[in-house]
Amino acid sequence: MSENGASDYLVVGAGAMGMAFTDVLMNETEATVTIVDRHGRPGGHWNDSYPFVRLHQPSSFYGVNSRALGTNQKDSVGLNAGLYELASGSEVVTYFDQVMNQQLLPTGRVKYLPMCEYIGNGTVKNLVSGVETHLEAKKTVDATYMNVTVPSVTTPSYKVSEGITCIPHCWSSDILLSATLQLVSCIPSIPYIEYCTLETPLRTSVCQDRIKVVDGYVEIPDRPGIGVQLNEETLKSYFYNP
Ligand SMILES: Cc1cc2nc3c(=O)[nH]c(=O)nc-3n(C[C@H](O)[C@H](O)[C@H](O)COP(=O)(O)OP(=O)(O)OC[C@H]3O[C@@H](n4cnc5c(N)ncnc54)[C@H](O)[C@@H]3O)c2cc1C
């Protein structure tokens with residue numbers, strides 16, 4: 001890093017791409033890098049992914065060149081039994097945090113600006129203070145090019161007019177019905193839901209208690225969590241054994 005804060009590369013995005021690019025620069029060149037990202041931690045969209053999302057490929061094929069993700073073990077239980085481990089979202093975020101704090105920053109050639117948005121022409125805006133700063137760099141690298149989107153941080157692609165009545169559709173097990181009931185019970189403007197009343201195994205045997213209709217109204221299940229207790233015996237009969 002030069003005395004005036006100028007760097008060889010300004011990398012926009014501390015996701016998998018920006019981190020992998022910077023890692024190679026640190027290991028194969030003498031270059032200096034400033035990394036800017038809107039998120040408060042490295043790891044890109046994995047900061048926003050839903051907790052049940054894991055890698056769909058073995059951990060050992062993911063991440064930066066200089067550091068392994070995971071321990072290259074085969075899972076012995078669960079749906080992935082017999083196959084190489086798939087890191088969870090939180091493992092991926094922890095991994096990139098370690099790459100940043102234990103490898104990139106200690107080189108002294110990387111400057112990391114979290115919670116800062118690149119707004120073009122070398123200018124970044126601090127999302128906490130609102131202060132804009134111009135950064136000098138010989139090259140600007142757009143590591144946001146894949147434009148990954150995660151539904152949890154994306155606005156719907158359609159508009160909903162004022163005063164529209166929303167009637168949720170939840171057509172399968174009492175798990176979905178109970179989760180939907182918990183949500184709609186918090187939204188007074190939803191008068192009805194649409195759900196399956198057929199006596200199918202999905203409706204009758206996946207949960208221990210049946211959801212009741214009392215005086216024409218569906219009762220909101222009040223057990224902890226989403227309100228249902230799973231029927232383990234039924235679930236065992238559906239286990240997938242590869
Ligand atoms: C749920 C999910 C699961 C996936 N699973 C796999 C998998 O198993 N294996 C695989 O190979 N790929 C997987 N992918 C593909 C994934 O897109 C890539 O693996 C990789 O994480 C993408 O990294 P990225 O750096 O391109 O993007 P991102 O992770 O989106 O990082 C881009 C970063 O740029 C920042 N940014 C954007 N614009 C600006 C700006 N103007 N100023 C400052 N910062 C900005 C964002 O805040 C973000 O942190 C998955 C994708 C998703 C959504």
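## Proline 51

The cut-offs are 20 or more other C-beta atoms within 10 Å for buried, 12 or fewer for exposed, and partly exposed in between, with C-beta atoms placed from the backbone. Proline 51 sits in the loop between strand 2 and helix 2. Helices (H or I, at least four residues) and strands (E, at least two) are DSSP runs, numbered from the N terminus.

The model is predicted; local features need pLDDT of at least 70, side-chain atom pairs count only at pLDDT 80 or more, and totals for chains, interfaces and linings use all residues. Residue numbers start from 1 along each chain, following the sequence as written.

Two C-alpha distances place proline 51. Glutamate 28 is 23 residues away in sequence and 35 Å away in space. Tyrosine 238 is 187 residues away along the chain, at a C-alpha separation of 23 Å.

## Tyrosine 238

Tyrosine 238 follows helix 5 (232–237), in the segment after that helix. With 8 other C-beta atoms within 10 Å, tyrosine 238 is exposed.

## Two asparagines with positive phi

Asparagine 72 has a phi near 60°, a positive value in a residue other than glycine. Its place is the loop between strand 2 (33–36) and helix 2. Asparagine 72 counts as exposed, because it has 11 C-beta neighbours inside 10 Å.

Asparagine 121 is not a glycine either, yet its phi is positive, at about 50°. It is found in the loop between strand 4 and strand 5 (123–126). Asparagine 121 has 7 other C-beta atoms within 10 Å, so it is exposed.

## Aspartate 23

Aspartate 23 belongs to helix 1. It counts as buried, because it has 21 C-beta neighbours inside 10 Å.

Leaving aside neighbours within four places in sequence, aspartate 23 is in contact with Val64, Asn65, Ser66, Val99 and Leu104. Contact means that the C-beta atoms of two residues, placed from the backbone, lie within 7 Å. Glutamine 103 is 80 residues from aspartate 23 in sequence, and their C-alpha atoms are 8.3 Å apart.

## Helix 1 against helix 2

The axes of helix 1 and helix 2 (residues 89–104) come within 11 Å and cross at roughly 25°. Axes are lines fitted to C-alpha atoms, for helices over the stretch in contact, and angles run from 0 to 180 degrees between N-to-C directions. The two helices are therefore roughly parallel to each other. Angles under 35 degrees count as roughly parallel, over 145 as roughly antiparallel, 65 to 115 as roughly perpendicular and the rest as oblique.

Helix 1 passes helix 2 in a left-handed crossing. Left-handed means that the near helix is turned anticlockwise from the far one by less than a right angle; clockwise is right-handed. From helix 1, Met19, Thr22, Asp23 and Met26 meet Phe96, Val99 and Leu104 of helix 2. These contact residues divide into five nonpolar, one polar and one charged. Ala, Val, Leu, Ile, Met, Phe, Trp, Tyr, Cys and Pro count as nonpolar, Asp, Glu, Lys and Arg as charged, and the others, Gly among them, as polar.

## The ligand shell

The ligand has 26 residues around it, and Gly13, Gly15, Met17, Gly44 and Leu55 come nearest. A residue is near a molecule if its C-beta atom, placed from the backbone, lies within 6 Å of it. By class, the shell holds 13 nonpolar, ten polar and three charged residues.

Helix 1 (16–28) and strand 4 (116–120) each supply at least two shell residues. The largest share, three residues, comes from helix 1.
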